[in-house]
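Please have the sequence and the model open side by side.

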Amino acid sequence: MENRGCEVWAMGVAGKALFLDRDGVINHEVGYLHAAEGVRWVEGIFELCRVAVGLGYRLVVVTNQAGIARGMYTEAQFETLMEWMRAEFVKNGVGLDAVYFCPFHPEGVGKYKREHEDRKPGTGMLRRAAKELGVELGASVMVGDRCTDVAAANAAGLRRAFLLEGTETGCEGEYTSVKTLHQVQEWLVVAAAASADEVAHGDADLDGALE
């Protein structure tokens, strides 16, 4: 496979997206996850996604995969796992619209040893989604568990970046820390219900949903 950045599986077109990091947000971080038997779902992920879709968001996974770069597993293994995960989402009443991943890392091996704009905190995956899926970044939301997720969301001009606590803290930039995915879900619901005037005058009421 050519070094052409992250890969994508996609369908549909929408104006806004819920961008999800994978490890630490969709599934618990276990270190170089590459097989279905290692998956432990983060509590609330399926409900969050069902609510988001109901509110008009497309679901887009954006994930750095340093394990590929370091030779811990192959792109084929990653793709097989993601096919299984996507099927599990469907079983739980919701489908992922796109999955982007970056197999490159500056400390990788062989063809994967390189810097790449798609690797978060780079904005390549987000901007590709904007172009390929018709996503409006300024109306979109990111949920991550690392400072690189926050940095990518901020640099791409996303409406809101959420940092799920448990992996990293004290990130630079603008973001909202949450303890659970349910808090993100509540924010999405309140944001959707808010009038254009309320949104235009700030997110004070929206932030109340996180208390």
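A residue is called buried here when its relative accessible area is under 20%, exposed when it is over 50%, and partly exposed in between. Keep in mind as we go that this is a predicted model.

With those cut-offs in hand, we can turn to the cysteines. A search of the whole structure finds one disulfide. It joins Cys-147 to Cys-171, with an S to S distance of 2.0 Å. The two partners come from distant parts of the chain, 24 residues apart: Cys-147 belongs to helix 5 (residues 147-156), while Cys-171 sits in the loop between strand 6 (160-164) and strand 7 (176-178). The torsion about the S-S bond of Cys-147 and Cys-171 is about -80 degrees, so this disulfide is left-handed.

Now step back to the chain as a whole. Its secondary structure comes to eight helices and seven strands. Of the 211 residues in the protein chain, 47% are buried. The chain exposes about 9600 Å², and carbon and sulfur atoms supply 50% of that area. If we take the contacts with a separation of 6 or more, 67% of them are between residues 24 or more positions apart.

Next, please move to helix 3. This helix has 17 residues and reaches 24 Å from its first C-alpha to its last, close to the 24 Å expected at 1.5 Å a residue. Which residues of helix 3 are buried? They are Glu-75, Phe-78, Leu-81, Met-82, Met-85, Arg-86, Glu-88 and Phe-89. Seen down the axis of helix 3, these buried residues fall within an arc of 155 degrees, so they line one face of the helix. On the face of helix 3 turned away from the buried side you will find the exposed residues Thr-80, Glu-83, Val-90 and Lys-91.

What lies beyond helix 3? Asn-92 is found in the loop between helix 3 (75-91) and strand 4 (98-102). Gly-93, which also follows helix 3, has a positive phi, near 90 degrees. Asn-92 has a relative accessibility of 29% and so counts as partly exposed. Leaving aside residues up to four places away in sequence, Asn-92 touches Phe-46 and Arg-50. Asn-92 and Phe-46 are 46 residues apart in sequence, yet their C-alpha atoms are 6.5 Å apart in space.

Notes. Residues numbered from 1 in each chain as written. Predicted model: local features only at pLDDT ≥ 70, side-chain atom pairs only at ≥ 80, totals over all residues. Heavy atoms only, no water. Helix = DSSP H or I, 4+ residues; strand = E, 2+ residues; numbered from the N terminus. Buried < 20%, exposed > 50% of the residue type's maximum accessible area, 1.4 Å probe, protein only. Contact = heavy atoms within 4.5 Å. Areas by Shrake-Rupley, 256 points an atom, 1.4 Å probe, with all protein chains shown as cover. Expected span 1.5 Å × (residues − 1). Arc of directions from axis to C-beta. Disulfide = S-S within 2.5 Å.
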